[in-house]
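Please look through the sequence and the model shown here, and then read the short report that follows.

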Amino acid sequence: MKKNEIAFTAPHFKATETGRKILEQGGTAIEAMVAAAATIAVVYPHMNGLGGDGFWLISEPGKTPVGIDASGKAAELATLDFYKDHDSIPTRGGKAALTMAGAVAGWQEALAVSQEWQAASNAQNLPLSTLLDDAIQLAKNGSAVTKTYVDASKKTFADLVHVQGFDEAFLKAGGLYKEGDDLTLPVLAKTLEQLADKGLDDFYHGDIGARLAKDLATAGSPIRLADFNSYQAKRVAPLQVKTSVGSLYNLPAPTQGIASLLILALYDKLYTQGKTAIDMAHLLIECTKQAFIARNQFLTDESRLTMDLSSLLDDEQLEKMCHDIALERAQPWPHQAKHGDTVWMGACDNEGRMVSYIQSLYWEFGSGVVSPSTGIVWNNRGSSFSLDKDSLQALSPNLKPFHTLNPAFAELNDGRRMSYGTMGGEGQPQTQAALFSRYVYHGMPLDQAISEGRWLLGRTWGDVSHNLKIERDFADVAADELVKRGHDLVIVDSCNELMGHAGAVVLHQDGHTDAATDPRSDGSAIVSTFI
C-alpha cells in the first residue's frame, strides 16, 4: 500500500514536536493529536487545558468524516436560582466554573476510534504512558514561558491573582513570569502520570474526578462528583455543504460551525464578482455578517434548536442571503460578539487519516480556578449562558452553552483533503474563510494564505470592540477602498495575535502533504516522509 507523507501543525512548536514523534513511531493521526493535546495543555496553559473542552473532525480516506463533541454540559446545580444574586454569570472564579470539562473524554473517545482502525491490522494503540510522556516531562522539568503567556498573565492578573490555586500554579512568587522563564507544573505532572497509569476514565470515574469535584466545590462551583460520573463525549455527524470546489465539513450545535460553512458557501456563489484582494476581503466580510445574523438567530443547545441547522445551507436560503450582499457597499454593523481562547491543531498520518482538532478553556486561563490537588485549571465556558430565562442561551442544568470552537475539514474536487482551523473566538470562522479562500479559490501557497495580512469583524479573544480590524500590511493596500464602501474600520499592527493562530494540513492525491502554521503564534509545522 502507498504510504503518505506525515504532517502535523500546532500553535506551539513543542506540541508539533510531540505530534511528529508519535507519527514517526507509526502512531495514528489520533494518537499524535492526543499526545500533542496533552503537551500543549502544559506549554500553553493560558489557552487550553484538561479542564476545558474539545471538538474533533476525523477523516479516513474514502469515508465520511466523523465528529466528536467533547464539550461540557452545565452542572445539575447550575440553575437560575443558584445565580439569583447575580445580574449575569461571573466570568472568573468558582461560579464561572459551571460546565463539565470534556477534553479528556474526547481524547478517550478519539482513541477508541483509533483502536477501531488498528483492529483491521491486529494492532494496538500506543500505551498512554507513551502518548503522555512529553507532557509529563515538560510539566516536571519546565518549558520556556512565551510572550503570549506573559501578555495573558498581565491582562488577567488583577482578576485572577486571588482566585483559588491560580497564584501557586501560574504566577512566580506572587508576580508575573518573564518571557523565557521556566514554567513548571509539578502537580499537573503527577495528574498526567496518574492518567497514564490508571487510564483517562480516572478523570470522570476515579480518584482524579473525586479530587476535582471536591476542589471545585470548595471554590464555589456548582459542579459535583455526579456531574463527572454522568459525562461522556459523543460522536456526531458533521454538518456539510457541497460547493463548486468540493465538500466542506464542520461541527453541529452547540458550535458555530454553521457560521463557518455559511461564509464559504455564500462566498462560493459570489467570488467571481471580485477581481482584487480587496474585493475578496469585502465579500468575505459581508458573507460573515449574513452568517453571524443566522447563527445568532438560531444557534443554541441541540435540544433547544427550533430548526435543522443544515437547512440554512440549502440553496434557496443561501440565495436569499446573497441578495443582501453588494460588492460596492458594506452592510451596517455591529452585533453582539463572542469571546474565545483556544488552540487548533492538525495532523495527517502515513495511511492518509487526518484530524482537525480544537481545545479550549474559553477566556485566558478560563475561570482561573486551579484544583490544588490536580493542578488542572477549569474552563469558564458556562459564563456565556444567559440569566434571562427567555433567552435562547438561558442557563439550565445539563445543557451546553454556545461554542465559538469549530474545527474545519474539506474534501476538494481535485482529490486534495484539507484539515484547517484557528483559535480566535469570533474570528475563527473569518480566519478559516480567509485562508481557505486564498488557498483554494485564489491559488495562493498555503503558508502565504495563512501569513498574509488579515481582517476581523467584531470581537476576538482579548478584545471588546465590534468594528472591523485590519492588519497594517493589508490596510496599506485596502483600507481606503474599504472605508469608501462603508466599512467602519481600525488599523492594528501587522502579524497581530488578535487575528488568531491559524494552521492547515493538506494531503494531495499523490500522497505528499503540505502543512503550515501561523507566524502570529509560537507554532511550527512539519512534513516528513514516513519510513
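## Aromatic pairs

The count of aromatic pairs is 19, where rings of Phe, Tyr and Trp (its six-membered ring) pair if their centres lie within 6.5 Å, with planes under 30 degrees apart counted as stacked, over 60 as edge-to-face and the rest as tilted. In the pair of phenylalanine 436 and tyrosine 441, the ring centres are 6.2 Å apart and the planes stand at 70°, so this pair is edge-to-face. Both phenylalanine 436 and tyrosine 441 are buried (under 20% relative accessible area, with exposed over 50% and partly exposed in between, for a 1.4 Å probe and protein chains only). One aromatic cluster is formed by Tyr149, Phe166, Phe170, Tyr177 and Phe365.

This is a predicted model, in which local features need pLDDT of at least 70 and side-chain atom pairs count only at pLDDT 80 or more, while totals for chains, interfaces and linings use all residues. Residues are numbered from 1 along each chain as its sequence is written, and side-chain values use heavy atoms, with hydrogens and water left out.

## Charges over rings

Lysine 95 lies over the face of phenylalanine 82, at 5.2 Å from the ring centre, and arginine 295 lies over the face of phenylalanine 292, at 4.1 Å from the ring centre. A charge sits over a ring if NZ of Lys or CZ of Arg is within 6 Å of the ring centre and within 35 degrees of the ring normal.

## The whole protein

Buried residues make up 63% of the 531 residues in the protein, and the C-alpha trace spans about 60 × 60 × 45 Å along its principal axes.
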